[in-house]
Amino acid sequence: MCRIDAEYLDISVPEKAYRVESYRSRGKVSKSLDASLRTYFVNTCDFVNPAPEGDAAADIAQVSDRTFLAKATPHVLDLYSGVIAKVLARTGPVIVSDELPSGGYRLVIGYRQRSTQGFYAAMSDLYHYYSMYSSRKYVEQFSNGVTIISLYLDLAKHAKKLAGSGSGSSATSSNASPVLSATAPQATIEECVAQIKKEASLLFCIPNTPFQTLFKTGELSVQEAVYAFAGWIFAQHFLNRLGSEYATLAEILDPTDATDIEVLAKLKKRLRQETFTRELVLDILLRHHELVKDLYAHFAHVHYVSSDAGSAVTKVADRLKADLHVSLSMTRLQDQKPLTSEELQLKIARVTTNAHDAMVMRALLDFNEHVLKTNFYQPTKVALSFRMDPGFLPAVEYPTKPYGLFLVIGNEFRGFHVRFQDVARGGIRIVRSRNAEAFSINQRTLFDENYSLASTQHRKNKDIPEGGSKGTILLNLNAQDRPFVAFEKYVDAILDLLLTGETPGIKNRLVDRLGRNEILFFGPDEGTAGYMDWASQHARKRGAPFWKAFTTGKSQTLGGIPHDTYGMTTRSVHQYVLGIIRQLGLDESACTKLQTGGPDGDLGSNEIKISHDRTTAIVDGSGVLYDPQGIDRTELERLAGERLMIQHFDSAKLGPQGFRVLVDDFQVTLPDGTQVQDGLSFRNGFHVNPLAAADFFVPCGGRPESIDINNVGQLFEADGSTRFKYVVEGANLFFTQDA
């Protein structure tokens, strides 16, 4: 089924979509093999109206596949019409069920195409977990961008009991779920379907995790597996890898000595990269999955129910018995009182075999203790969001404690939002990765980048009432083509924590350890300039009273000022260039310039439009464009107007010593005879290449800390002269403070 997801369902869009029909045999394959036969039929959709507009987009007779229309009964058409209407009006899955005359249940799940990945196979794992089987399954696509999955479910004949044994014993057979217990309570089909509906929302957010195998074998429930995944993400970013020894060394070394600073910077980078890799953290969590269960129970007892009054344990047990009877992880909570933080500390010390294992498991306990609010148990959601108390951040790495911190985890991304004041504003940026190596680097530095950008914004906002904030969204390596989907989920998941849920079964009230309302304010940044209108309107649709102020950079029709249209940031930055020119009596047209950040970006495009210099080099996401005589201004302005990268530059307009090297190029010979082995490496280091010398260096884009204490010396010639006379830093944090 994973293949069906990857090759057909995950890639379906209105222009080319696939429908699936699947049937399970009633009998067994043979007398000697106790297994059923399942068949899958995949067909390309033939829509009645491939491009519906207006009211037609909600008309099932217009948006359906012709084969589906020919087979569907009036009841199915009416059921699907209702689901489609809700999907179009809501962000996230729509899940409904109805009882069949045969005694089984039909579970119907609707969602927007390409809003989740691997969901079809994940749902199969989920109902198998509860010892149910599907006699038939259908996946229907619609030309309005909606997907609907229908599962016809019944209890397997061998499955009459559900997990819940406090002893953890299990009974297995060739077809039985390995989580079943002979002492577990009786389960009805209604209970199973109700729980599957609840947990389908978690799987929609995170269909596949490295803990999936433990879920399939019954060693972790779906809640425990998703919790472990969230804890894995948290540990990757927030394990205190530097330790007390680093803090001691930082106090001993001279902060004014360049050599000492360089040594400390190199040590810090190495410790962060090598102490706890993603793979090491994952291996530790997999080996200690029994501890993960205890840590999840600790998390659930805080965030599943409120403990305003009365016995928290009694309230948990009562609610779980009534509402979550069949969940393995939840019935465990009924059987025994969860461990306290102190008891968990002792158990971690007793069970783990070395300091690294203990540190990772304690990181999950830190996570539990610092989550103030989460949508983990919200009935419908598109991504997981956690409002964190920033108190866990080590002062040696983060000397100024933020006011608020959000962690958001989706199927396509992970992201943060950091602010240094209650009322604060800053941009949301998309972080892309060209390959696995770039993703690994971006993942390691994501929170540090977010923290530093928010801190910088806070200082920039010192003269206005609003403090500074920043948000980052790191796209997963397989989701580089879905930035808007990731942005939608990021915004909606954060809104889950800002708004009070008032629709039972869809958006419930959350356990709130923060104890006060919050409002966040977003702005455009790299990759999100065109998304501000949607975010504001989505907040309005969800009933946020602050929707008008939720985003800056909106279109004028919504009362905003589009930053990119008016080049607001660029004009401010460029005033420093003009100020230098005036002060020194320079002729701008005679000045040369290196610019990082190309004509596709906000700052880069507007810098090209409003400047009158002789630009000799531009570095952007696609590569390096260079001409020592000055890059053709008319062609640059064309790219800036169309927001195109330099890969679209007409090479015929380069001078005899000019060149364009793209990141995908290999073995390129430059006009001066220099051999470029790898275009990506050449692009990444061009700002310190001797060819990059110019009067002005204006970073309008590029990764933070591109110039640090370790490479700043490469900006100087052997005689001590600088390659750039003037640097006007438009991109935040391109230079580190030490550099």
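This dialogue walks through a predicted model, feature by feature.

Trainee: What is the mean pLDDT of the chain?

Mentor: pLDDT is the predictor's confidence in each residue, from 0 to 100. Here the chain mean is 87, and 89% of residues reach 70 or more. In this predicted model, local features need pLDDT of at least 70, and side-chain atom pairs count only at pLDDT 80 or more, while totals for chains, interfaces and linings use all residues. Residues are numbered from 1 along each chain as its sequence is written, and side-chain values use heavy atoms, with hydrogens and water left out.

Trainee: At what angle do the axes of α11 and α16 cross?

Mentor: Two packed helices are described by the angle between their axes and the distance between the axes. Helices are DSSP runs (H or I, at least four residues), numbered from the N terminus. The axes of α11 (residues 278-287) and α16 (residues 355-370) come within 10 Å and cross at roughly 80°. The two are therefore roughly perpendicular (65 to 115 degrees). Contact (heavy atoms within 4.5 Å) involves residues including Leu280 and Ile284 of α11 and Val360 and Leu364 of α16.

Trainee: Is α22 mostly covered or mostly open?

Mentor: Helix α22 (residues 602-610) is mostly covered. Eight of its nine residues are buried (under 20% relative accessible area, 1.4 Å probe, protein chains only). Among them are Leu603, Ile608 and Ile610.

How values were computed
Axes fitted to C-alpha atoms, helices over the stretch in contact; angles between N-to-C directions. Parallel < 35°, antiparallel > 145°, perpendicular 65-115°, else oblique. Buried < 20%, exposed > 50% of the residue type's maximum accessible area, 1.4 Å probe, protein only.
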